[in-house]
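Colleague: Can you take me through this one? I would like to start with the charged side chains and then move on to the rest.

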Amino acid sequence: SGINAEYGSSGINAEYGGYTLNQQEFRDSIALRYNWKIKDLSAYCGCGKENNIDHSLSCKKGGFIILRHNNIRDTTARLLEEVCHDVQIEPKLMPLVAESEEVYDAARGNVAENTRLDVAARGVWSPFDRS
């Protein structure tokens, strides 16, 4: 299948392979494909390091990884809203109070302060339980 394009008030929208790209996304994808410099790429990442294509594609704090993650998180939340109740994005976890230090073993989970879930909802496994 080819590229279907339509022109609107915001410029060109191209559809290819099931993806709809706005003008900037289309321009950036062409630049990535041909290893050209991406126009309007900020000089520094959200993590504070100098920004370039390689860093943007691998930085977990301010790069494109977090954008892809958030897109998946938000899509999951929208789908859960169709079948569950009380769907929340990034709710805080309850603080962990342990009887012994071995509960804080890193292999058992993230126990950092202000730890958050991606998505929480009631009714995933049983009607009133939060998952």
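Colleague: Is Glu-90 buried, partly exposed or exposed?
Modeller: Glu-90 counts as partly exposed, because its relative accessibility is 30%. Keep in mind that this is a predicted model.

Colleague: Where is Glu-90, and what does its side chain pair with?
Modeller: Glu-90 sits in the loop between S4 and S5. Its side chain forms a salt bridge with that of Arg-73, at 2.7 Å from N to O.

Colleague: What does Arg-122 pair with?
Modeller: Arg-122 has a salt bridge to Asp-86, with 3.3 Å between the closest N and O atoms. That pair also links distant parts of the chain: Arg-122 is in strand S5 and Asp-86 in strand S4, 36 residues apart. Arg-122 is partly exposed, at a relative accessible area of 32%.

Colleague: Which arginine in the segment after S5 pairs with Asp-86?
Modeller: Arg-130. The side chains of Asp-86 and Arg-130 meet in a salt bridge at 2.2 Å, N to O. Here the separation is 44 residues, from strand S4 to the segment after S5. There is also a network in which Arg-73, Asp-74 and Glu-90 are joined by salt bridges that share partners.

Colleague: How accessible are Arg-130 and Asp-86?
Modeller: Arg-130 has 34% relative accessibility and counts as partly exposed. Asp-86 is at 37% and counts as partly exposed.

Colleague: Backbone next. What is the phi of Asp-86?
Modeller: Positive, about 50°, although Asp-86 is not a glycine. Glu-90 has a positive phi of about 50° and is not a glycine either.

Colleague: Changing topic. Which residues make up the largest nonpolar core?
Modeller: Six residues: Ala-77, Leu-80, Cys-84, Val-87, Val-119 and Ala-121. Helix H3, residues 64–83, and strand S5, residues 119–122, are the elements that give two or more residues to this core.

Colleague: What does Val-119 touch, beyond four places in sequence?
Modeller: Val-119 is in contact with Arg-73, Ala-77, Leu-80, Val-87, Gln-88 and Ser-131. Among those, Ala-77, Leu-80 and Val-87 are members of the core, while Arg-73 is the salt-bridge partner of Glu-90.

Colleague: Now Asp-28. Where is it, and what is the nearest side chain of opposite charge?
Modeller: Asp-28 is in helix H1, residues 23–33. The nearest side chain of opposite charge is Arg-27, at 4.2 Å. Asp-28 is buried and has no salt bridge, the cut-off for one being 4 Å.

Colleague: What else does Asp-28 touch, leaving out residues up to four places away?
Modeller: Ile-38 and Lys-39.

Colleague: Which side chain makes a polar contact with that of Ser-56?
Modeller: The side chain of Asn-51, at 2.6 Å. Ser-56 is in helix H2, residues 53–58, and counts as buried at 3% relative accessibility.

Colleague: How much of the protein is buried?
Modeller: Of its 131 residues, 16% count as buried. The accessible surface is about 10700 Å², and carbon and sulfur atoms account for 52% of that.

Colleague: And what share of the contacts is between residues 24 or more positions apart?
Modeller: 27%, taken over contacts with a separation of 6 or more.

Terms used: Residues numbered from 1 in each chain as written. Predicted model: local features only at pLDDT ≥ 70, side-chain atom pairs only at ≥ 80, totals over all residues. Heavy atoms only, no water. Core = buried A, V, L, I, M, F, W, Y, C linked by side-chain atoms within 4.5 Å. Buried < 20%, exposed > 50% of the residue type's maximum accessible area, 1.4 Å probe, protein only. Helix = DSSP H or I, 4+ residues; strand = E, 2+ residues; numbered from the N terminus. Contact = heavy atoms within 4.5 Å. Lys, Arg positive; Asp, Glu negative; His and termini not counted. Areas by Shrake-Rupley, 256 points an atom, 1.4 Å probe, with all protein chains shown as cover. Polar contact = N/O pair within 3.5 Å; in protein donor to acceptor, adjacent residues only side chain to side chain.
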